[in-house]
Amino acid sequence: MIELEEKLKKRTLVCAVVGLGYVGLPLLLYLSKLGFRTIGIDKNKKKVAKLTSNKLDFLKNNKTAQILLKSYTKNKKHTISNNFKDLKDADLIFISVDTPIQKNRKPDNTNISQVCEKLAKHLKKNSIIIIESTLAPKTTQEIAIPALEKSSNLKINKDFYIAVCSERIRPNQDIFKDLTTFPRVLGTSSTKINNLVISIYKLITKGEVDAVDIVTAEIVKTTENALRDVKIAFANEISKICDSLGSSAWEVARLINKRYGYTEMLQPGIGVGGHCLPKDPWLLLSSNNHTKNSLIAQARRVNDSMPAYCAKRIAKILRESSVKNPKVLILGYSYIENCEDTRNSPSQSLVDNFKKQGVKKIAIHDPYIEECSGDLYKKAKGADCLVLAVKHDQFKNLNLLKIKKIMRTPVIFDCKNFFGKEKCQNLSFIYHAIGAL
Ligand SMILES: NC(=O)c1ccc[n+]([C@@H]2O[C@H](COP(=O)([O-])OP(=O)(O)OC[C@H]3O[C@@H](n4cnc5c(N)ncnc54)[C@H](O)[C@@H]3O)[C@@H](O)[C@H]2O)c1
């Protein structure tokens with residue numbers, strides 16, 4: 001450890017990041033900014049080619065990422081490649097590959113296993129592997145460590161070390177701010193490496209770094225996302241109750257949140273998307289055989305049911321307004337506001353559910369997604385329902401009056417209470433919303 005500590009002091013540590021997505025790329029760029037020689041590895045050859053020629057097809061609106069990538073590619077000491085051989089000099093190897101679930105909702109550990117097997121062949125003695133990907137509890141012990149030991153012929157805690165420090169960034173926020181301010185929970189294979197790894201994270205973030213055992217670190221990450229999912233599901237369930245009683249879930253939440261000491265009630269919506277929240281609760285549950293009556297599993301189902309619930313309600317509203325062959329215009333196709341990430345977007349599921357409801361004319365507008373951008377007002381022509389699915393800031397400036405004049409039937413279905421009932425009704429729209437009749 002002394003050698004690595006010396007290298008850290010002199011900033012001569014060589015840091016590698018495997019998996020250059022929303023998590024890995026900002027980390028790689030920030031490590032290079034800190035002065036370390038860095039190596040970025042990704043299996044996606046197209047991505048590697050784009051990054052090496054300074055092109056970002058995600059984080060497109062992030063100026064810091066653009067600036068850092070430019071100086072990264074200019075500096076000959078850094079590498080971006082798909083060749084694991086380039087890891088031969090790495091002292092620290094961060095892993096940030098995607099960790100999805102299978103159709104049966106069990107963890108799909110293909111990426112994490114492959115990376116461990118491949119990097120093991122180039123592992124230096126005394127190096128440290130830090131897994132930033134979110135893993136089901138016990139994956140490090142049962143999958144990562146055996147794969148590393150088998151392919152390297154090296155022994156954990158003797159020849160190399162491992163740590164788990166799951167990332168917490170949010171793709172629709174300033175990722176570099178999250179990266180450099182959020183607290184981290186670090187699990188290590190041996191307390192021998194705690195000081196060194198904590199020192200590295202102290203260079204990255206102003207947030208606290210708490211060191212625990214590996215399984216606890218894995219549980220913390222999956223549990224924090226499961227907790228959020230459960231809270232959203234609660235708000236969604238209340239919104240369905242309010243819909244059936246003709247009351248507003250938004251007003252109910254506002255009044256509950258006034259009470260001192262009560263945990264804030266979240267807002268309902270069209271569902272939950274992104275790479276993490278729809279799968280992390282299942283990663284957590286995969287380590288438990290008692291999921292039959294699981295609250296966490298039921299919350300997943302409640303959130304997954306929201307696009308179908310909305311499509312059904314909208315189809316009913318249009319039928320009751322005697323609209324024949326309806327056309328809907330969906331505003332927002334990313335999974336969350338103000339970003340281009342469409343992974344597991346509830347809007348995709350909304351489209352599928354509209355088709356099931358017999359709604360065939362579906363237009364989509366999303367200024368963050370190239371294929372869905374263009375002239376909104378043209379898309380609104382002849383529409384019978386404007387569905388606000390994602391509350392992008394840019395939608396605040398829409399000319400609703402102009403849109404209303406172009407539409408065939410002036411119905412608004414507001415999944416985020418974004419436009420507001422009063423404003424829409426003043427413009428003579430027929431206004432509906434989740435949890436707010
Ligand atoms: N996106 C988020 O907001 C976020 C936040 C916190 C944690 N996480 C977790 O971080 C991890 C990464 O998420 P992401 O959003 O960055 O994923 P991503 O899909 O954006 O990036 C993953 C990258 O890993 C690469 N990859 C996959 N398998 C590989 C392999 N065998 N060898 C080399 N490269 C490989 C992919 O090509 C891709 O570029 C996941 O475990 C996720 O749950 C994500």
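User: Before we look at helices in this predicted model, what do the axes and the angles between them stand for?

Analyst: Axes are lines fitted to C-alpha atoms, for helices over the stretch in contact, and angles run from 0 to 180 degrees between N-to-C directions. In this model the axes of H2 and helix H4 (residues 63-74) come within 10 Å and cross at roughly 60°.

User: What makes H2 oblique to H4?

Analyst: Angles under 35 degrees count as roughly parallel, over 145 as roughly antiparallel and 65 to 115 as roughly perpendicular, while the rest are oblique. The crossing of H2 and H4 is at roughly 60°, and that makes H2 oblique to H4.

User: Which residues of H2 and H4 meet, and of what kinds are they?

Analyst: From H2, Leu28, Leu29, Ser32 and Lys33 meet Ala65, Leu68, Leu69 and Tyr72 of H4. The residues of this contact divide into six nonpolar, one polar and one charged.

User: Why is Asn344 called partly exposed?

Analyst: Buried means under 20% relative accessible area and exposed means over 50%, with partly exposed in between. Asn344 has 43% relative accessibility, so Asn344 counts as partly exposed. Its place is in the loop between strand E9 (327-331) and helix H13 (346-356), and its phi is near 55°, a positive value in a residue other than glycine.

User: How do you know that Asn417 counts as partly exposed?

Analyst: Asn417 is at 30% relative accessibility and therefore counts as partly exposed. Asn417 lies in the loop between strand E12 (411-414) and helix H16 (421-426), with a positive phi near 50°.

Methods
Residues numbered from 1 in each chain as written. Predicted model: local features only at pLDDT ≥ 70, side-chain atom pairs only at ≥ 80, totals over all residues. Heavy atoms only, no water. Helix = DSSP H or I, 4+ residues; strand = E, 2+ residues; numbered from the N terminus. Contact = heavy atoms within 4.5 Å. Nonpolar A, V, L, I, M, F, W, Y, C, P; charged D, E, K, R; others polar. Buried < 20%, exposed > 50% of the residue type's maximum accessible area, 1.4 Å probe, protein only.
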